[in-house]
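Subject: Structure handover

Hello,

Here is the structure I said I would pass on. Please look at it before reading the notes.

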Amino acid sequence: MGKVLGRYKVGKHFTIAITDRAFSSQRDEAAIAAEAALDGLYVIRTNVPAAGLLAPETVRAYKRLAEVERAFRSLKTVDLHVRPIHHRKADRVRAHVFLCLLAYYIEWHMREVWRELMFADTDQKAKATRDPVAPAKRSPAALAKVAAHTLADGTPAHSFATLLAELATLVRNTCRTPHKGHDAPTFELLTTPTPNQQRALELIQQIPV
């Protein structure tokens, strides 16, 4: 009986009596009615007083858990790859994890200041005022970037990874006069950034330190 109830997830809706010689079950009408009242809904409870956190803010705080999940995914698999950890001492493991968290903190700031260059929505103020229960909607500007894959000035819109890849084409070359020896004087030449790269570098300067 337990196997059947576990398979169909209905055990909480039945009252079951099992003895050595008999078996009986009946519907738990009160439990069924309580379940039907919440069908299609979810309830969020908090121990924070209502004066400190209103209902809309409670929902927004709950939905921000998605940002935490994205952070863990970025740390573990997508960008930073915190594992494997090849350390044998606890303090070194803690230092390794701390550096990964610090790297993600920097990445978060980069994503925020680069919103205008990426597919990300730049209208972040709307998140604080829109109905937290209604489905989220992107701004017209963000939808236009996604549809055209370009920014307002016609340059390509980027993901975080492709923007880093474009910036990686900037190099500093150490040069020397041809046909001179290895001890000849050297000079450096920097790649001239494109307007998009220049804008990305300017935005990086806005990160508070």
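The notes below cover the overall fold and then the pockets.

This is a predicted model, in which local features need pLDDT of at least 70, side-chain atom pairs count only at pLDDT 80 or more, and totals for chains, interfaces and linings use all residues. Residues are numbered from 1 along each chain as its sequence is written, and side-chain values use heavy atoms, with hydrogens and water left out.

The protein chain has eight helices and four strands (DSSP runs, H or I of at least four residues for helices and E of at least two for strands, numbered from the N terminus). The C-alpha trace spans about 100 × 50 × 35 Å along its principal axes. Of the 209 residues, 17% count as buried (under 20% relative accessible area, with a 1.4 Å probe and protein chains only).

A pocket here is an open set of points on a 1 Å grid over the protein atoms alone, where a 1.4 Å probe fits, with protein on both sides within 12 Å along at least five of seven lines; lining residues have an atom within 4 Å of a point. The largest pocket holds about 1300 Å³ of space (the volume filled by probe spheres set on the points, which are joined across faces, edges and corners). Its lining has 38 residues, and those nearest the centre are Glu-67, Arg-70, Arg-115, Gln-124 and Lys-127. Helices H3 (55–63), H4 (65–78) and H5 (90–113) are the elements that give two or more residues to this lining, and H4 gives the most, with seven.

The second largest pocket has about 200 Å³ of space. Among the 13 residues that line the second largest pocket, Glu-116, Lys-145, Leu-151, Ala-152 and Asp-153 are closest to its centre.

Regards

Methods: Buried < 20%, exposed > 50% of the residue type's maximum accessible area, 1.4 Å probe, protein only.
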